[in-house]
Amino acid sequence: MPEMLNPFESDDAFSMASLSAAIDILPNRYGRINELGLFVADAITQRTAIIEERNGILNILKTQPVGAPAPQNKVGKRTARSFVVPHIPLDDVIRPDEYAGIRAFGQPAGLETLVSVMNNHLQTGRDKFDLTLEYLRMGALKGIILDADTTELYNLYTEFGIVAKTVAFVLGTASTNVLAKCREVKRHIEDNLKGERMTGVRALVDADFFDALVGHANVEKFWLNHQAALNYAASDQDPRKGFNFGGITWEEYRGTGTDEDGNTRKFITADEGHCFPMGTANTFKTIYAPGNFLEAVNTPGIPIYVKQAMEAMGRWIDIHFESNPL
């Protein structure tokens with residue numbers, strides 16, 4: 001009797017390293033924050049991240065007579081904070097009926113079909129992790145990172161001793177000086193960069209906020225000119241993705257997700273928006289910890305791990321995904 005083929009044991013393409021590498025090159029089909037390239041990716045070899053902060057001290061130096069004692073340089077105070085990296089697992093399964101009737105029993109001729117089935121599962125898993133990462137990153141921009149069930153994971157205002165800044169734009173009042181509101185936002189960000197650099201300020205806002213902004217009496221003519229310029233240059237461009245007003249790039253953000261109980265969550269609350277600096281070096285970072293596997297111990301974390309194992313009786317293949325992002 002011929003030996004039955006088990007491609008998951010005989011082909012290195014189904015090893016954890018190969019599957020994790022494969023899922024990393026699959027297309028990211030969700031995530032405006034990812035598209036903006038705001039968060040720098042980094043990796044650590046442990047499950048806890050130590051974030052060090054150095055408060056820079058800048059002084060205006062006083063002139064001194066030649067030969068006089070120079071003032072002593074003051075360096076910033078260092079503060080270290082410890083964060084446990086969240087663990088996000090996902091299990092999946094491939095059953096025989098997904099490719100039955102295509103590959104002859106015990107024959108390798110249909111292996112590519114099995115690979116195709118595996119790729120479909122990998123892409124589905126990748127999409128869910130990408131959506132989750134977008135949700136977590138939006139939480140970081142908002143200052144409060146929530147789990148899928150709205151449980152608070154980290155309050156960054158509390159962790160870093162920051163007072164939340166809110167600017168009420170009062171867009172329902174025709175006389176509101178919207179440009180002054182924009183200047184207030186920019187000045188607050190500039191004053192709190194603490195030695196960081198930036199290339200500009202962007203705002204991701206809810207659809208209701210965006211409509212109120214572009215429909216405001218003191219903004220509407222700039223919005224109409226913006227639309228006209230885009231229509232002249234390229235009719236397929238969406239003017240909601242980059243309307244510059246008051247030195248801030250305004251963008252309508254419609255990110256939503258559904259939790260495992262079917263509850264839909266908007267990533268930005270109605271009538272609100274969140275402003276942040278672009279082009280920074282170290283302000284925004286995603287840190288990946290190693291996976292919960294023996295072969296991953298003390299190795300730099302990667303965005304997503306994937307591992308498969310055949311059920312003891314050969315009735316299905318279990319797939320395990322996990323990501324450990326901070």
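Modeller: Let me start with one residue. Glu251 has a relative accessible area of 2%, so Glu251 is buried. Keep in mind that this is a predicted model.

Biologist: What makes 2% count as buried for Glu251?

Modeller: Buried means under 20% relative accessible area. Glu251, at 2%, therefore is buried. The place of Glu251 is in strand S9.

Biologist: Which residues does Glu251 touch?

Modeller: Leave out residues up to four places away in sequence, and Glu251 touches Arg32, Arg202, Ala203, Leu204, Val205, Phe210, Arg240 and Lys241.

Biologist: Why is the pair of Glu251 and Arg202 called a salt bridge?

Modeller: The cut-off is a side-chain nitrogen of Lys or Arg within 4 Å of a carboxyl oxygen of Asp or Glu. For Glu251 and Arg202, the N to O value is 2.6 Å, so the pair is a salt bridge. Strand S9 (residues 248–252) holds Glu251 and strand S7 (residues 200–205) holds Arg202, so the pair ties together parts 49 residues apart in sequence. Arg202 is buried, as is Glu251.

Biologist: Which residues are linked with them in a network of salt bridges?

Modeller: The network links Arg32, Glu35, Arg202 and Glu251. Over the whole structure, a search finds 13 salt bridges.

Biologist: What makes Asp238 a salt-bridge partner of Arg240?

Modeller: Their closest N and O atoms are 2.8 Å apart. The limit is 4 Å, so the pair qualifies. Arg240 also meets Glu252 in a salt bridge, at 3.1 Å, N to O.

Biologist: Are Arg240, Asp238 and Glu252 buried, partly exposed or exposed?

Modeller: Arg240 has 32% relative accessibility, so Arg240 counts as partly exposed. Asp238 has 30%, so Asp238 counts as partly exposed too. Glu252, with a relative accessible area of 11%, is buried. The reasoning rests on two cut-offs: buried is under 20%, exposed is over 50%, and partly exposed lies in between.

Biologist: Where on the surface does negative charge gather?

Modeller: In a patch made by Asp147, Asp149, Glu260 and Asp261. Take Glu260 from that patch. Glu260 is in the loop between strand S10 (256–258) and strand S11 (264–266). Its relative accessibility is 79%, so Glu260 counts as exposed.

Biologist: Now the whole protein. How many helices and strands are there?

Modeller: Eight helices and 15 strands. Of the 326 residues, 37% are buried. The accessible surface comes to about 19,400 Å², and 53% of that belongs to carbon and sulfur atoms.

Biologist: What share of the contacts joins residues 24 or more positions apart?

Modeller: The share is 71%, counted among contacts with a separation of 6 or more.

Note on methods
Residues are numbered from 1 along each chain as its sequence is written. This is a predicted model: local features need pLDDT of at least 70, side-chain atom pairs count only at pLDDT 80 or more; totals for chains, interfaces and linings use all residues. Side-chain values use heavy atoms; hydrogens and water are left out. Patches are made of residues with over 30% relative accessible area and no salt bridge: like charges are joined within 9 Å, nonpolar side chains (Val, Leu, Ile, Met, Phe, Trp, Tyr) within 5 Å. Accessible areas come from the Shrake-Rupley method with a 1.4 Å probe; for residues, only the protein chains shown count as cover. Lys and Arg count as positive and Asp and Glu as negative; His and the chain ends are not counted. The place of a charge is taken as NZ of Lys, CZ of Arg, CG of Asp or CD of Glu. Helices (H or I, at least four residues) and strands (E, at least two) are DSSP runs, numbered from the N terminus. Buried means under 20% relative accessible area, exposed over 50%, partly exposed in between (1.4 Å probe, protein chains only). Contact means heavy atoms within 4.5 Å.
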